[in-house]
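Here is a short briefing on one protein chain. Have the sequence and the 3D view open as you read.

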Amino acid sequence: MGKPDFMLELRRLRVLHGLAQHRTVAATAAALHLTGPAVSQHLAALEREAGVPLLEKRGRTLAFTPAGRLLLSHAEVILDDLAAAESALAAAAGNGGTGTVRVAAFASAARQLLPRAWAGPVSLRLVEQEPDAALESLRRQDVDVAVVHSYSLLPRETPPRFAERALLDDPVLLARDPASPGPADGEPVDLAAFAGRPWLVPTADLSCHAMIQRACGAAGFVPEVAAESADFAVLVALAAAGAGVALVPAMALPAGTPGVSLHPLREPLTRRVFAVTRAGLARRPDVLAVLDRLERAAREVTSSGLARRLPGTP
């Protein structure tokens, strides 16, 4: 292939970007509402425009060549800049009162924040996803906002060209059977004091599982796991029944938390909750309105004490 004779077309850059997100021609076609042959034609035309091979066959799949990866990196910047321009124009036109914003959120954020943020002129569409999956959906442009978390012992970096909005700091509490010997409900505890107790932990596919392993490791022991569950309500119920102890983010506690003793950690462990969007969308009026609603919802959760269920909480 020789020197390009004409300019690259934006719609074909979108197809290239879609292929990077969705991996196959069929999945890209479905995501972009095109046919498979149309995707292939756009990619072939883009290679002619670029003047160099962008893709190569590896078995039954397509892989990016070095030139393809280079063009993809520029395409991501171009598409983000275009989204930013669209956001600025929408803001200038005052077009922020309608539309639908797609949100991915982990379970306790979906339960605590989204109902408080739901009502408004901008409609919401929610999918429940763990943080890694939510960020991947955001990267693929399947959602507009991802509500995610990171632990103070297990930080999570915001990907390049993403923007974040802090929502709240969610303390992690130790839950135990109040009938067993130990400090009074609400008193701070040292994690090492529970090294010999059975532990109730989230399943290994959840980031909360890694948080507990790391917290116990920092306290000098490996937890003896008696039960695993993806549902914190199950772990709290088992703790109340005397099956063991659990570490639970306050916002994930079930309503009322009857029959369980809750304790802050003497060495505090915090779950930071924040909303992430692509940088180009951060100023789009409908997305901005939803981020503002999520921030207000987080303040309501914090001020109502739902994020801190400890004795004496107002």
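Start at leucine 247. This residue touches Val172, Leu173, Leu174, Leu191, Trp199, Met211, Ile212, Ala215, Phe232 and Leu265, leaving aside residues up to four places away in sequence. The model is predicted.

**Nonpolar cores**
- Leu247 is among the residues with the most contacts inside the largest nonpolar core, along with Leu174, Leu191, Trp199 and Val248.
- That core has 34 residues.
- At least two residues of this core come from each of β6 (162-176), β7 (198-201), α8 (207-218), α9 (232-240) and β9 (246-249).
- Helix α8 gives the largest share, five residues.
- In soluble globular proteins, nonpolar side chains tend to be buried together.

**The α2/α3 pair**
- Helix α2 spans residues 25-32, and helix α3 spans residues 36-50.
- Their axes come within 8 Å and cross at roughly 100°.
- Angles from 65 to 115 degrees count as roughly perpendicular, so α2 and α3 are roughly perpendicular to each other.
- Val25, Thr28 and Ala29 of α2 meet Gly36, Val39 and Ser40 of α3.
- This contact has three nonpolar, three polar and no charged residues.

**Whole chain**
- The chain has 10 helices and 11 strands.
- Of its 314 residues, 46% are buried.
- Among contacts with a separation of 6 or more, 75% join residues 24 or more positions apart.
- The accessible surface is about 14900 Å², and 57% of it belongs to carbon and sulfur atoms.

Note on methods
Residues numbered from 1 in each chain as written. Predicted model: local features only at pLDDT ≥ 70, side-chain atom pairs only at ≥ 80, totals over all residues. Heavy atoms only, no water. Core = buried A, V, L, I, M, F, W, Y, C linked by side-chain atoms within 4.5 Å. Buried < 20%, exposed > 50% of the residue type's maximum accessible area, 1.4 Å probe, protein only. Helix = DSSP H or I, 4+ residues; strand = E, 2+ residues; numbered from the N terminus. Contact = heavy atoms within 4.5 Å. Axes fitted to C-alpha atoms, helices over the stretch in contact; angles between N-to-C directions. Parallel < 35°, antiparallel > 145°, perpendicular 65-115°, else oblique. Nonpolar A, V, L, I, M, F, W, Y, C, P; charged D, E, K, R; others polar. Areas by Shrake-Rupley, 256 points an atom, 1.4 Å probe, with all protein chains shown as cover.
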